[in-house]
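Work through the following exercises with the sequence and the model side by side. Each task is followed by a solution in steps.

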Amino acid sequence: MIVYISMLAISILFAFLSTKSETKKDKMIFATLATLPFILVSSFRYNIGTDYLHRYLPNYLVFAHGRFIDSLEPLFIVLIKMCVFFTKDYVALFVVTSIIINVLVMWTIFKYSKNPIMSIIIFFIGSFYFQSLNLVRQYIAMVILFAGYYMLFQKKSKYLYIIMVGIATLFHSMSAVFLIVLFLEKKEIKAKYFLILIVLILAVGGYLGNIADFIVTNTPLNEITNIAKYVKYFKMGGDLTLSTIIVETAVYIYIYMMFQKLKEKNAVEKEAIFFVNMQTMTLLCTIMNIHFNLFFRIALLFSIFQIISIPYFWFKNKDENLKIFKFEKSVMTFTILILAVMTSRMMFSNVIKGADEVFPYVTIFYEKRIDDAVRKYTDYTIHPRRADSKRWTREFYIKHV
């Protein structure tokens, strides 16, 4: 935990210096320095993130030795091949993906956030950073969507955002779902409609899997490996964790109340409507997870906007008071409360329960990394659908890892 806390502290320090700098050059230098700790910790990790040894390291070695994996999206394959062109060392993949993810997140924060320091804190305590160490492909897609979101508010570029979604989808197929945002920046999803949707999800949401399975099975979509793969998730059931529903509900209440404050002041912007709808979609997908685990991954597409939406609503209402039941406190008090709730979930989920497998932190310079890989993969099947997967044995790892 010391590594992660130090990383966060250093980043916040440089972010503070960036916000206080008077020249554009100084701001850029300090913003870059604020980004570096996240990149370095992510780049030089070893076996940090559940999919590190389960997916990305063995996938890279497959390509490094002239073979192919058909279950990866086209642009991620291109990315791997570009890395392999320069080196067969799998560390290259983690360095490149770490740069892409963290640079795009921090660029968006410093360009659009109303409070970059708060956004960096949320990036960490919201577990977004930890998830990025695990769900690498999805996070590359997510940060592309995250970085380009402002295009939605400009008439000339709104529909160019479709291209952004297309690029993201070529990194991770699930990103195609995000096309729905083209209809979510003009009018908020009202609370009464939100409650109706929750009732429908609880009542008939479980049939969605059968519908998706029927469509894919009886159309050419069945020939597309990635689509067929995700349809199988509909057959795995759901798991709605209490900590997740508590946090996402709390954030929804916070954002919705802040949004209502803006409506009272007649100060609603498209950005505010977009943010409240993003959290509404996050909570709906989280609740849908009661039926299918796949919706946890879909919820992430929308929840990442908490990184800038919470600071946005704080900034717009920071001099106001909010009243919940009989208690009336400042917006800052409730903002701190929400951050505390997010921190509690991160501590419970990532630190105590071991979600994403990011603790303890280990670097690539760890001298026993080969032995760990061998032990991990002695009886592990790299690709269950490939007949030659048995060749991934202890001898292979001793020779190549």
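**Exercise 1.** In which helix of the protein chain is confidence lowest, and in which is it highest?

*Solution.* The model is predicted, so local features need pLDDT of at least 70 and side-chain atom pairs count only at pLDDT 80 or more, whereas totals for chains, interfaces and linings use all residues. Residues are numbered from 1 along each chain as its sequence is written, and side-chain values use heavy atoms, with hydrogens and water left out. Taking pLDDT as the predictor's confidence in each residue, from 0 to 100, and helices as DSSP runs (H or I, at least four residues) numbered from the N terminus, the lowest mean, 46, belongs to helix H19 (residues 394-400), and the highest, 98, to helix H6 (residues 116-125). For the protein chain the mean pLDDT is 85, with 81% of residues reaching 70 or more.

**Exercise 2.** Determine how many aromatic pairs a search of the whole structure finds, and examine the pair of Phe 38 and Tyr 129.

*Solution.* Rings of Phe, Tyr and Trp (its six-membered ring) pair if their centres lie within 6.5 Å, with planes under 30 degrees apart counted as stacked, over 60 as edge-to-face and the rest as tilted. The search finds 38 aromatic pairs. Phe 38 and Tyr 129 are edge-to-face, at 5.1 Å centre to centre and 75° between the planes. Because Phe 38 lies in helix H2 (residues 24-43) and Tyr 129 in helix H7 (residues 128-132), their pair ties together parts 91 residues apart in sequence. Phe 38 is buried (under 20% relative accessible area; exposed is over 50%, partly exposed in between; 1.4 Å probe, protein chains only), with a value of 0%.

Notes:
Helix = DSSP H or I, 4+ residues; strand = E, 2+ residues; numbered from the N terminus.
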